[in-house]
Amino acid sequence: MSSSPQGKFEASQFWASSARSRNFKSSARLHLQHHLFQRTLGNRILQPTAEQAAVQCRAPLRVADLGCGNGVWLLDLEQSLTDLGVEVSLLEGFDVNPVNFPPKWSCPPNVAFTALDVLKPLPQELLGTYDIVHMRAFVSLITKNDPRPAIYQALSLLKPGGWLQWEETRVDRWTATAAQSGEAEDAQSKASCDAIIGILDNGGRAQGNTFDFLATLGVHLERAGLVQVASLELEKRRADMKAWTEDYLLSWEEIANLIPPKAQAPDSPLTREMYEDLLDKAIAETEQGVAIHQQSVLVVMGRKPA
Ligand SMILES: C[S@@+](CC[C@H](N)C(=O)[O-])C[C@H]1O[C@@H](n2cnc3c(N)ncnc32)[C@H](O)[C@@H]1O
């Protein structure tokens, strides 16, 4: 299929809410994604520079997680800081959509979740109060390939000397991998997986989102005035390919809800029915060994000047 759902793929809306209220599925996908990030990063929650700063922090630590989803990273951070003996003031998760926040009774008292649009003007009392600001899988909040508004928000929340840690998968590198040559007798078809990747790429491009900025995210941090900027890029583990594939298939399934059915948009080059048919074929391809992934995980660190 060569047609694209131009203007139909509203990524930010998609990640912010599921049209069919199957929020638990989005949350389960984020739990899986968290474990895959962690496996790729050697189970490090904080990179060594930020972890060292946390350990050496003279006052009780304060951390903000922007676009925190179900809070899984923050809850693992709390455990990791407890293990390190770090005194915590407050670990706060902010998300525009609170539906996937964990139940309050299940959270330690120093972990809190608040509904907040982190791209709008931030509450004055939060500015300059965090030792660490964390962002992950944040690309759907970036428009027109311009991460500057997001970096500005993060920077404004940091104390002087505080660290920003930002992790992404390379959304600009969607890939469907069939069996390597020599591993299978016959060339495997991955045409339907490639077609869906094309739909997503074209949908993003139609809105000016190609995610090219990921290749130079460290430069963007430096230009915004952060210092000690460092980037780390780690290939996804081969052994995790099936799990990444399942994670992406879950998101591809959710995307169907954003595409109008034929009855609503009879002239559309891509109807929901066409997409779902393609998805069935893509799933069948993965059952024959095709993996869907985005090649690597990127971590960029930077420090607000003291
Ligand atoms: C792909 S999820 C990532 C969740 C989490 N960071 C993780 O890695 O598990 C993106 C999250 O950003 C949230 N989001 C979207 N727009 C937002 C905004 N303007 N302000 C705050 N959160 C937002 C969505 O509700 C969603 O939970």
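The model is a predicted one, in which local features need pLDDT of at least 70 and side-chain atom pairs count only at pLDDT 80 or more, whereas totals for chains, interfaces and linings use all residues. Residues are numbered from 1 along each chain as its sequence is written. Along the principal axes, the C-alpha trace spans about 60 × 45 × 40 Å.

The protein contains nine helices and nine strands, these being DSSP runs (H or I, at least four residues, for helices; E, at least two, for strands) numbered from the N terminus. Of the 306 residues, 38% count as buried, a residue being buried if 20 or more other C-beta atoms, placed from the backbone, lie within 10 Å of its own, exposed if 12 or fewer do, and partly exposed in between. Among contacts between residues at least 6 apart in sequence, 82% join residues at least 24 apart, where a contact requires C-beta atoms, placed from the backbone, within 7 Å.

Around the ligand there are 20 residues, of which G67, G69, V96, R136 and A137 come nearest; a residue is counted as near if its C-beta atom, placed from the backbone, lies within 6 Å. Two or more residues of this shell are given by each of α1 (11–16), α2 (23–40) and α4 (72–84), and α1 gives the most, with three. The shell divides into eleven nonpolar, six polar and three charged residues, with Ala, Val, Leu, Ile, Met, Phe, Trp, Tyr, Cys and Pro taken as nonpolar, Asp, Glu, Lys and Arg as charged, and the others, Gly among them, as polar.

Helix α8 (residues 241–255) has 15 residues and should span 21 Å at 1.5 Å a residue, which agrees with the 21 Å between its end C-alpha atoms; the expected span is 1.5 Å times one less than the number of residues. Its buried residues, W244, T245, D247, Y248, W252 and I255, fall within an arc of 160° seen down the helix axis, so they line one face of α8, the arc being that of the directions from the axis to the C-beta atoms.

Positive phi values occur at N145, near 60°, and at Q228, about 50°, neither of which is a glycine. N145 is found in the loop between β4 (130–136) and α5 (148–157) and is partly exposed, with 15 other C-beta atoms within 10 Å. Q228, in strand β7 (residues 227–235), is also partly exposed, with 13 such atoms within 10 Å.

Notes: Contact = placed C-beta atoms within 7 Å.
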